[in-house]
Amino acid sequence: MKRPISVVIWIVVALVGAGALGTIAFHRGEPLNATWFVVAAACCYLVAYRFYSAFIAARLLTLDDSRATPSERHDDGRDFVPTNKWILFGHHFAAIAGPGPLVGPTLAAQFGYLPGTLWLIAGAVFAGCVQDFIILFCSIRRDGKTLGEIAREEVSQRGGFIAQLAVLAIMIILLGVVALVIVNALKSSPWATFTLAATIPIALLLGLYLRFLRPGRVLEASFIGVALVLFVVVAGQWVADSPSWAHVFTLSGVTLAFALMAYGFAASALPVWLLLAPRDYLSAFIKAGAIFSLAAGILLVRPQVLMPPLTRFIDGSGPVFAGKIFPFCFITIACGAISGFHSLISSGTTPKMILRESHARFIGYGAMLMESFVGVMAMIAACAMTPGVYFAINSPASIVGATSDAAAATISSWGYPLQAQTMADLARAVGEQTLLNRAGGAPSLAVGMAQIFSSTIGGPRLLSIWYHFAIMFEALFILTVLDAGTRVGRFMVQELGGRVWKPFARTGWWPGILISSALIVGAWGYFLYQGVVDPLGGINSLWPLFGISNQLLAAVALVVATTILLKMKRLRWIWLTLIPMAWLVIITMTASYQKIFDANPRLGFLSYANVLAAQIAAGKIPAAKIADTQRVIFNQRLDAAVTAVLAAMIIVLIIEALMQWYRILSSDPKSVLHETAYVATRWTEDFSGASYVRAAAEPEAPAVEG
Amino acid sequence: MSSVGSEVQACTRKSRAFAATLWIKRVAAKLWLGIREWCGDSAYERYVQAQSTNPEKSCLLTPTEFYVERVNHRYSRPNRCC
């Protein structure tokens, strides 16, 4: 009896999902309600999780719960900790959810709501979740080894080295780009700048509390911290209203860029318990709260989506960033659909904490579905505002003009009506001097979130508080990526330096700490600086570069996954990873080629550099601006070189992988699978990590191997 | 007869209320445990437990030493994504 009911329920879910997707795809004319997006995404995720992930778990990976996981075999209470699957899901989701799924869909909204939404759902279901799930499985079967180590063992030595280099490259570009998003959000905004600056002493206070007063009492420290952060969001208004204090916290883009570099350096070099860890705790709580509030707000308010399904900018002429819908919609969405960076988390802490192999499906596949849902919510928030307002916030001054009148005239001429007064009123309502030319995605997302939140609680009166809460939320967890990433980058630089001179690799050696911190901050700081001084707004050139490097890392992960599946003799189902891998290689290569060689100066790095060089040669650039222009030319050529190196890395890796695949298919005895040997679990079937602390004290506690 | 019936009904109501309270308490306790474990509040207890069942005994760290070592280790590899 149960089975027919289940079949009926799943048929209904599938039909409702198909109906909602069809409505999103084919609806024209009147604005569409956001509920359709939520229903379509939720139904697709449910069906994908129930059937596709179950198919991968059963047929492709043959997950085996009788096999002891690394957390059982090496349980030490520090690194290898058996953890309840729901709690590990929370850990894993908190680790993979960053600013990418919020910023990417917001920027991709320039093509309209349809392409981004479809890719967020389809990309996650068929590529992103599959990558996270399979890499997690591979790492569990290899004692929690990292992606680089797995690539070295299963593909080739060179493949592993390329994976490591790709990680470092993506880290540097990522940090530069996310820092640029913060700069564009805080520029000329004393309220937002004060709020974010105040989180630093709050984090220091928590650090001292957790270290000296109540060691490890994260929960109570976080409650204190969250209360203080909410207070400084409100206090920011008093700062903005005070002429003398407002002046202190009104900073230019360049000043903010150097302040962020100084912060990154301090967070990397100072003891981790003092600044980095407490900020992360704060960020994790606020992130969880804000994401759930946004979901609840969208469900309660059910806003109308005002952006059309497709805009005129699918032809590549968009003001937010240049490039046609293919491949730049996919490159821009990045993390919300598939993120190479997730493979580092899936082969990092999570495999060392997982209780059973079957949990990999819920944690690996399920957490990525959740991340994709965050991306869909960001898309709704961006598309719920008037298209004219969206383009006014996200377009650089060099395209739409620096004044409200010029921006309104330009944007209206594109067919998206906008009154100059609308922007002035909106800026006043959110407590900002201006919202024009705030490229980067964060301010427009904050406006969208604030409109949704204020429709739920407080009305227009609280719009400014909600806006600055949203800015603080975005900036706070971008800062977390920035400081944690800088520190990890520092370790990578020290490890690489240690190959040349051994003492450099000692992580406690102060000269090594300072030099490596300065090197990594200098590397991402350079990208940040060039983005800040770029007349096209920086995001235009840097976000695609970040997208390319991120998708490249995802391709690396899928190459590794495909190689392992071939070694496991899963030839029949190899398309499950091969197709997403091929797709990623196609979009990465196309985007790289266009970013380097396209004749449109807004898109191609080299053509832009050539146009500027020709202008200098023709004497069209004033003498005072020649040095700046030459710097822009150098930056464009540097970006072209970085893109070319990234593309070359993936080509070399694919050649390596193809050689390995040939050896596997021709049954070369050297191509062996490097899994750890099977050890039967000694845990009972209903054992759950949550009960471990209590259960272990009792006589029937599970026996754990040393 | 009717008074006995109402007593039985009252008793049933009370026992239902008692069961509901127990259930709420159990769920709240589980939730609290989950939150503590998620944010790392119970990590030291978990570590002490693991050490007590580990045959290869090593020197037990104090809560402060354990906290510092844990965060140092945690932030030395990618643990926050883009």
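## Surroundings of A:Leu60

Apart from neighbours within four places in sequence, A:Leu60 contacts A:Leu565, A:Arg570, A:Trp573 and A:Leu576 (in contact: C-beta atoms, placed from the backbone, within 7 Å). This is a predicted model, in which local features need pLDDT of at least 70, side-chain atom pairs count only at pLDDT 80 or more, and totals for chains, interfaces and linings use all residues. Residues are numbered from 1 along each chain as its sequence is written, while chains are lettered from A and ligands numbered from 1 in the order in which they are written.

A:Leu60 belongs to helix 2 (residues 35-60) of chain A (helices are DSSP runs of H or I, at least four residues, numbered from the N terminus). A:Leu60 counts as buried because 21 other C-beta atoms lie within 10 Å (buried: 20 or more other C-beta atoms within 10 Å of its own). From A:Leu60 to A:Ser607 the separation is 547 residues in sequence and 46 Å in space, C-alpha to C-alpha.

## Nonpolar core

The largest nonpolar core has 244 residues, of which A:Val178, A:Ile182 and A:Ile380 touch the most other members. Such a core is a set of buried Ala, Val, Leu, Ile, Met, Phe, Trp, Tyr and Cys residues joined through C-beta atoms within 7 Å. Beyond four places in sequence, A:Val178 touches A:Pro99, A:Ile478, A:Val481, A:Leu482 and B:Cys82.

## Contact between chains

Chain A gives 52 residues to the contact and chain B gives 39. On the chain B side, helix 1 (2-39), helix 2 (43-53) and helix 3 (63-74) each give two or more residues.

## Confidence

Chain A has a mean pLDDT of 91, with 97% of its residues at 70 or more (pLDDT: the predictor's confidence in each residue, from 0 to 100). Over residues 693-706 of chain A, pLDDT stays under 50.

Note on methods:
Buried ≥ 20, exposed ≤ 12 C-beta atoms within 10 Å, placed from the backbone. Contact = placed C-beta atoms within 7 Å.
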